[in-house]
Amino acid sequence: MIRFEQVTKRYPDGTTAVDGLSFEVAEGELVTLVGPSGCGKTTTMMMVNRLIEPTSGRILVNGEDVATVDPVLLRRRIGYVIQQVGLFPHRTVLDNTATVPTLVGWKKAKARARAAELLDLVGLDPKTYGPRYPEQLSGGQRQRVGVARALAADPPVLLMDEPFGAVDPVVREQLQDEFLRMQEAVRKTVLLVTHDIEEAVRLGDRIAVYGQGRIEQFDTPGAVLGTPATPYVAEFVGADRGLKRLSVTEIEADDLEQPPIARLDEPAAQAAAWLDAEGARWAVVLDAAGDLHGWVGVDELAAGGTVGDLAHRMNSWVPVGAPLKQAFGVMLQHDAGWVAVLEGPRFLGVLTPAKLHEALRRSVDADARGVSRGQVDFDSVADA
Ligand SMILES: Nc1ncnc2c1ncn2[C@@H]1O[C@H](COP(=O)(O)OP(=O)(O)OP(=O)(O)O)[C@@H](O)[C@H]1O
Ligand SMILES: [Mg+2]
């Protein structure tokens, strides 16, 4: 959808801001550009909508060389959130949001109705905030208006330059979550610039890690964190990249351990006997449908009756597909050595700290080899 082919930008004073850049953003994909200040991120972005012209190379949007498209028309098809938000101070929030629809000739009423819809989408009540002026908003609210404005004409492509940069970490995380939810629904092709690796990892389907004017690595968040391509990338993603990786690695059914299972209606004495024979200290308790009920300790079963009379309800579980970090968090929160993993109500298995570590190691290896995690045998990476 957006394709860079050997793009170089040299400013008149001799600064090479971008050097031989080639990469592609697929339709509906969100790519984050991350790198230190001055590495050429904004320059990269502005060449897409021709606010800056490349010195050499070309950029295609939807198969069309942007150099051949009238810049004004081009910019109407590409939403742009600029680094400092850039709202018009003398226009209301509603009119700011309606800027592009108005420019492209929508009737005023239609443009305003659309703007109100968008404000609502980014979590600002249009009745309250629509009539205000930008200076009457908080930093986070202003950034939301910036996002709403960029989306107003429903452009297929969105360029976002540090869209959540000017707010504190808590608000920032909130805006990121909202944006991800929105992106789920609207599926724009997005190029998003940030200097924050956490943000890049959180938002990006893929990440381009920039050094000076060049891409050092272009890959999924998991791969960038798991197998940094160069020492520069390793340093940039940080020493805690293993920890960061927990939040981008999903729990798969293959990762799970199968503990002993007791049934709710089973006589306690019978369950105790076979658990004892297995050398198990506890069992997961499922109901007749195979849904998770809870757990029971072998010693408790001596009291007799059915397993159901003695079992503890268990409220701590995670869905399959959730990040490993969530499972780890639940284990810590409940001070437990394992956590149940469900698919809908159905019990799939449990994740233990050892299994979690194994999943992480296998996923690193799988990314490095470009295969799925199920194809990696843990023994082959255990002592790597
Ligand atoms: N008009 C210009 N003339 C000369 N050099 C420029 C010009 N605009 C930008 N540069 C230089 O090009 C390089 C890349 O700038 P750019 O704005 O793309 O960086 P950036 O990665 O967006 O940085 P930041 O994170 O600080 O926003 C910098 O060294 C900058 O000083
Ligand atoms: Mg910049």
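Contact here means heavy atoms within 4.5 Å. The legends below describe a predicted model.

Figure 1. Arginine 144 touches Val122, Gly123, Leu124, Gln174, Leu175 and Glu178, leaving out residues up to four places away in sequence. The relative accessible area of arginine 144 is 11%, and buried means under 20%, so arginine 144 is a buried residue.

**Figure 2. Overview of the protein chain.** The chain has 384 residues, and buried residues make up 47% of them. Its secondary structure consists of 17 helices and 17 strands. Along the principal axes, the C-alpha trace spans about 80 × 50 × 35 Å. Among contacts with a separation of 6 or more, 58% are made by residues 24 or more positions apart. The accessible surface comes to about 18,000 Å², and carbon and sulfur atoms hold 51% of it. The chain carries 40 positive and 53 negative charges, whose mean positions lie 11 Å apart.

**Figure 3. The largest nonpolar core, with 29 residues.** Val147, Met160 and Phe179 touch the most other members of this core. At least two residues each come from helix H3 (93-97), helix H5 (108-121), helix H7 (139-151), strand S7 (157-161), helix H8 (169-186) and strand S8 (189-194). H7 gives the most, with five residues. Another core, of 28 residues, lies apart from this one and has Ile2, Val7, Cys39 and Ala208 among its members. In soluble globular proteins, nonpolar side chains tend to be buried together.

**Figure 4. Contacts of phenylalanine 179.** Leaving aside neighbours within four places in sequence, phenylalanine 179 is in contact with Leu30, Val147, Leu158, Met160, Phe164, Val190 and Leu192. Val147 and Met160 stand with Phe179 as the residues that touch the most other members of the largest nonpolar core.

Figure 5. Five aromatic pairs are found in the whole structure. For tyrosine 232 and phenylalanine 236, the ring centres are 6.3 Å apart and the planes meet at 10 degrees, so this pair is stacked. Tyrosine 232 is partly exposed, at 30% relative accessibility. Elsewhere in the chain, Phe4, Phe23 and Phe218 are linked into a cluster by ring pairs.

**Figure 6. Arginine 50, a non-glycine residue with positive phi.** Phi of arginine 50 is about 65 degrees. Arginine 50 sits in the loop between helix H1 (41-48) and strand S4 (56-61). Its relative accessibility is 16%, so arginine 50 counts as buried.

**Figure 7. Glutamate 162, in the loop between S7 and H8.** Glutamate 162 is not a glycine, yet its phi is positive, near 45 degrees. With a relative accessibility of 7%, glutamate 162 counts as buried. The two elements on either side of this loop, S7 and H8, each supply at least two residues of the largest nonpolar core.

**Figure 8. Valine 376, between helix H16 (353-369) and helix H17 (378-382).** Valine 376 lies in the loop that joins these helices. Its relative accessible area is 5%, so valine 376 is buried. Alanine 366 is 10 residues away along the chain, and its C-alpha atom is 6.3 Å from that of valine 376.

**Figure 9. Glutamine 333 in helix H15 (residues 324-333).** Glutamine 333 has a relative accessible area of 63%. Exposed means over 50%, so glutamine 333 is an exposed residue. Serine 316 is 17 residues from glutamine 333 in sequence, and their C-alpha atoms are 9.3 Å apart in space.

**Figure 10. Alanine 113 in helix H5.** Alanine 113 is partly exposed, with 46% relative accessible area. From the C-alpha atom of alanine 113 to that of arginine 214 the separation is 42 Å, and the two residues are 101 residues apart along the chain.

Conventions:
Residues are numbered from 1 along each chain as its sequence is written. Chains are lettered from A and ligands numbered from 1 in the order in which they are written. This is a predicted model: local features need pLDDT of at least 70, side-chain atom pairs count only at pLDDT 80 or more; totals for chains, interfaces and linings use all residues. Side-chain values use heavy atoms; hydrogens and water are left out. Helices (H or I, at least four residues) and strands (E, at least two) are DSSP runs, numbered from the N terminus. Buried means under 20% relative accessible area, exposed over 50%, partly exposed in between (1.4 Å probe, protein chains only). Accessible areas come from the Shrake-Rupley method with a 1.4 Å probe; for residues, only the protein chains shown count as cover. Lys and Arg count as positive and Asp and Glu as negative; His and the chain ends are not counted. The place of a charge is taken as NZ of Lys, CZ of Arg, CG of Asp or CD of Glu. A nonpolar core is a set of buried Ala, Val, Leu, Ile, Met, Phe, Trp, Tyr and Cys residues joined through side-chain atoms within 4.5 Å. Rings of Phe, Tyr and Trp (its six-membered ring) pair if their centres lie within 6.5 Å; planes under 30 degrees apart count as stacked, over 60 as edge-to-face and the rest as tilted.
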